[in-house]
Amino acid sequence: MSDMRLIVAGAGGRMGRALIQAIAETQGLVLAGATEAAGSKLIGQDAGTLAGLPANGIALTADVAALVAKADGIVDFTVPAATVALAALAAEGGKVHIIGTTGLSAADDAKIADAAKRAIVVKSGNMSLGVNLLAALTKRVAKTLDEDFDIEIVEMHHNKKVDAPSGTALLLGHAAAQGRGIDLAQRSDRARDGHTGARQPGDIGFASLRGGSVVGEHTVIFAGNAERIELTHKADDRMIFARGALKAATWGRVQRPGLYSMMDVLGLGDI
């Protein structure tokens, strides 16, 4: 099989630069294009140079549509509006679309699901192997322990992150909710301030911390009477997310159109 040609969306950002570096290090993958938002000061700059590599002759562009026809897939850690637009382009060409964007609304998710009827979409709040294993363990523990154990999810990220709770925290929250057989949207507690009253049994709580240069730390706490179980993942380098996304891309290349998750990629769906 020929090398897989990938477009990196948001190539000038932290994750975009990590993805370009990871593609350069991965046999069987080549960079087919690099994009940035229209009006960005990075338009026209060399993607390799921005990623700390030798120049590769691929300039950042805002014209994604012109690149899609010559690519096999798009790797996308951008913003919701851009991701929805990219999903439509991927659907038109039957491409692989790897989505690591967070902060997506229910309406955004519906549009992505519609695009997945014609594209191979792998969407996850976190692309790392460790986090997805943590999600599988969270689901299993939540299923095993009853509501005598309260579930709290604590996450911390760098001071530039704009959404909260993090996509990974929500991924873990959904895993816990699935284990308990409940709807996270109905049992999520995200805003505690002032006189809130006692904690509601069965709710899943979230706490978001922001500061410094923290790449990502997540802990799922199962707090019972006189005992506590804590499951924790700490990310030290964005390359773990980039490598996971590229693993998802190569996996997706041989799949039928549909909406998948990293659980599918890693074979963890039955846990």
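Two strands count as paired if DSSP finds at least two bridges between them. Strands themselves (E, at least two residues) and helices (H or I, at least four) are DSSP runs, numbered from the N terminus. The model described here is predicted, so local features need pLDDT of at least 70 and side-chain atom pairs count only at pLDDT 80 or more, while totals for chains, interfaces and linings use all residues. Residues are numbered from 1 along each chain as its sequence is written, and side-chain values use heavy atoms, with hydrogens and water left out.

Five strands form it in the order E7-E8-E6-E9-E10, with mixed pairing. E7 (188-189) and E10 stand at the edges with a single partner strand each, so one side of each has no neighbour in the sheet. E7 and E8 (residues 204-210) run parallel and are joined by two bridges. Asp189 stands opposite Gly205 in E8.

Most residues other than glycine have a negative phi, and most peptide bonds are trans. The bond from Ala164 to Pro165, however, is cis, with omega near -10°; Pro165 is found in the loop between strand E6 (150-157) and H7. Ala226, in the loop between E9 and E10, has a positive phi of about 70° although it is not a glycine. Ala226 counts as exposed because its relative accessibility is 81% (buried means under 20% relative accessible area, exposed over 50%, partly exposed in between, with a 1.4 Å probe and protein chains only).

The interior is described next through nonpolar cores, each a set of buried Ala, Val, Leu, Ile, Met, Phe, Trp, Tyr and Cys residues joined through side-chain atoms within 4.5 Å. The largest has 38 residues, and Leu6, Leu19, Val75, Ile98 and Leu246 have the most contacts inside it. Elements giving two or more residues to this core include strand E1 (4-9), strand E2 (29-34) and helix H9 (239-252); H9 gives the most, with seven residues. Leu6 is in contact (heavy atoms within 4.5 Å) with residues including Ile23, Val75, Leu246 and Ala249, not counting residues up to four places away in sequence.

Open spaces complete the picture. On a 1 Å grid over the protein atoms alone, a pocket is an open set of points where a 1.4 Å probe fits, with protein on both sides within 12 Å along at least five of seven lines; lining residues have an atom within 4 Å of a point. Grid points are joined across faces, edges and corners, and a volume is the space filled by probe spheres set on the points.

The largest pocket has a volume of about 1100 Å³. Its lining comprises 45 residues, of which Met15, Phe77, Thr78, Val79 and Thr101 lie nearest the centre. H4 supplies the largest share of this lining, five residues. Helix H7 (167-180) and strands E9 (216-224) and E10 (227-235) are among the elements that each supply at least two.

The second largest pocket has a volume of about 820 Å³. Of the 36 residues lining it, Lys123, Gly125, Leu170, Leu171 and His174 lie nearest its centre. H7 gives the most to the lining of this second pocket, with six residues.
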